[in-house]
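Good morning, and thank you for the time on the agenda. Please look at the sequence and the structure as they come up on the screen.

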Amino acid sequence: MARTADALLEEIHGPSPAQLLRRRVFGHQGLLIGGGVLAVLFVVAVLAPYLAPHDPYAQDLLARMRPPVFLGGDWDHPLGTDHLGRDYLSRLIYGAQVSLLIGSVAAVISGLIGTAMGVAAGYFGGRVDMAVTFLVNVRLAMPVVLVALAVVALFGGSLQVVILVLGLLLWDRFAVVMRASTRQVRSREYVTAARAIGCSTARVVLSEIMPNIVNNLIVVATLEMAHAILLEAALSFLGLGVQPPTPSWGLMIAEGKQMMLFEPWLVTIPGVALFALVLAINLLGDGLRDVTAPENRN
Amino acid sequence: MKSFMLKCGVAAIALGLSTAAQAGKSEDTLSVAFTKELENVDSYFNSAREGVVLQRAIWDGLVYRDPATNEYKGNLAMSWKWIDDLTLEFKLREGVKFHNGEPFDADDVVYTVNFVADEANGVKTQRNVNWMKSAEKVDSYTVRIHLKAPFPAAIEFLSGPVSIYPNEYYAEAGPSGMGLKPVGTGPYKVSLVEPGKHFVLEKYEGYHDSPKGQPSIGKVDIRTIPDVNTQMAELFGSTLDLIWQVPADQAEKLATMDQFTVANESTMRIGFLTLDAAGRTGEKNPFTDIRVRRAVAHAINREALVEALLKGKSKVVSTACFPSQFGCFQDVPSYGYDPEKAKALLAEAGYPDGFETEFYAYRNRDYAEAIASFLNAIGIKTNFHMLQYSALRELRMKSGVPVSFQTWGSYSINDTSAITSQFFKFGKLDDARDPDVRDWLDVADSATDPEKRKEFYAKALTKIADQAYWVPMFSYNTNYVFTNEVSYTPTPDEVLRFVEISWK
């Protein structure tokens, strides 16, 4: 009965916003693929202790560089073993934890910093805007990789340092995008109305402005998450990121590099994983923009 | 499928290199790769293995040690004798000319020795030269070298790192000039130096009748290529004829290919862990407790490291020196692989759940990781730091580190004084600071009676092993890989001798 009532309502009023959103989401292939891959990787990372067939730290020097199953290995080590005889699949699974953790925490830290600065600049304008723009320019003048390398070289590489460094370096795009969107929204009638009835600044920002710019925030956050994951891999590849024996995909690529000519799978397996994760996040970000962008709402 | 992919990759890389010089027998040019950048060709002002290789090709010492028989032969000197414990007299070879035409005589020896023995001139490895006080000319072809203290290993050092420079040229050019345009009496003269990048050596036609033998290959072209994969690709593409220090895994694969010869030789380099027994990083440092140090020694499976990672001619080592070195006493307490015993020792020392420590290394990241993982297995959590050699050395000299994975090649000097005395006599790199060991080493280093030397080295080495100041683990080997046109038999001292290479 309810179903027919819904159908009747839809015939009269057209589809509800939630229905429209659902239709846009399920009609967007990129979003579905990206979200699906990311969801799978997320589940894998969370359930790592149950999914990994071996201890990712257990070395067996007498079983080094066993090939993966598809190159003639056996099922005890489906993706083979690394140069110290550690199970490659288990390291890959635990590596997903490291990548996702670094990506999401760095994106949250930089998102908080960038959003606060961007919204303040866009809402208040004037001197605040000038100060924020100056800070963004300063930040943009510093090459991220170089600064990260220097800081890590000074304080030593570890998971926490890498997360902090990336979190404190990647807020620029958040600030720029949030500032622009806030300026747009700020002059809308409902904001003026809210201010006219005497709402506090905090209330105006949090309940009038934020809900209308949060879609941009999500898109930037996904892009920066992918960015942070790639940077972590790059730093670890250079030996300055996550330190062994922590499994990190970048570190796995670095460790396999020496044998690249003879055992290319040591590099391709973590390489493909990294590629898939970053591609998935980017597809998801792209898709989110497509389904939430105002021009698609008509 | 795999080999097809490999060939495609190699072909692509080789295409990219098509501008590189063609090497090989037809051009009488041996192309060789160095992995590290050499800071200065002047052999007194670098401490790199690459520097030793060039030193042996460009210069000569007074004495030569035949690497096959370990017998000392006259090179620039014809004969020598001890006048007393502190004076060595040499009769020099006549008719030898430097590459620039300058004749060799007593003045060159006197100038070189007086220059390098003066600490103010800053020779990089003082240990190699600081046992000499001065040199004195007796006549044009007779020279006396005065020692600071009795030093029985003098002839060994004179056959190794002490090479003779031309006095007139060196006075004018100095170390930096010598580094850019090296001049010696050796079998090869230098025709090109691009610092750190490219060196070209040419056969010295006027080379004297030296125990080193006469050079056979006309030209040696050396390029610095840091990446092993690139080196191998160039070897496949025939733009390199010989690579060395090839990691064991790659050498194993190359050995299965018909067009290459893989020769493996042991080296004098040993790998060991230094433990902060003296408490330089803090008095509460767990490694000040002998039970913790012994636990570390029991935690490491040396046999597995040698068998699976180092391979080749590497051996398990339990002394703080290389077994062939004079005085390297072998019958010391040793620690078998026994993780349970290691855990029990840790518990006894008050660390039933282990502890956390900083772990430093500078080379062979894979070995370092494997070693750290053995420590993790008994509960010692390691914060892994991989530093450049110079940075780690600096840090160790300044404040010490709790544990570090170190290696030492003794400059291929076949005497225990080149390693144990280097590290256990209260120098800045001495983490043990044991006065007994120092005193015994002092006696052993300066005694002229070989039996007495052996006795005191044995005492020192036994105490070092018993106290587990170091955890010696293995000796290194090195792989030389060359094309089938090349004929070479490497020697067990990590020195690549161009004079002994010929075309097949």
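Predicted model: local features only at pLDDT ≥ 70, side-chain atom pairs only at ≥ 80, totals over all residues.

I begin with helix α11 of chain A, which covers residues 201-237. It contains 37 residues, yet its end C-alpha atoms lie only 46 Å apart. A straight helix, at 1.5 Å a residue, would reach 54 Å. Where does α11(A) bend? The bend is at Met210(A) and amounts to about 60 degrees. A proline, Pro211(A), follows within four residues. Just after α11(A) comes Gly239(A), whose phi is positive, at about 85 degrees.

Now to the neighbour. Helix α10 of chain A, residues 189-196, packs against α11(A) with the axes 10 Å apart and an angle of about 155 degrees between them. Because of that angle, α10(A) is roughly antiparallel to α11(A). Their crossing is right-handed. Which residues make the contact? From α10(A) there are Tyr190(A), Val191(A), Ala194(A) and Arg195(A). From α11(A) there are Val204(A), Glu208(A) and Ile209(A). In terms of class, this contact of α10(A) with α11(A) comprises five nonpolar and two charged residues, with no polar ones.

Finally, I turn to the two chains. Chain A contributes 18 residues to the contact, and chain B contributes 23 residues. How do the residues on the side of chain A that touches chain B divide by class? There, 11 are nonpolar, six are polar and one is charged.

Thank you for your attention.

Methods. Residues numbered from 1 in each chain as written. Chains lettered and ligands numbered in written order. Helix = DSSP H or I, 4+ residues; strand = E, 2+ residues; numbered from the N terminus. Expected span 1.5 Å × (residues − 1). Bend = angle between axes of the 7 residues up to and from the residue. Axes fitted to C-alpha atoms, helices over the stretch in contact; angles between N-to-C directions. Parallel < 35°, antiparallel > 145°, perpendicular 65-115°, else oblique. Left-handed = near helix turned anticlockwise from the far one by under 90°. Contact = placed C-beta atoms within 7 Å. Nonpolar A, V, L, I, M, F, W, Y, C, P; charged D, E, K, R; others polar.
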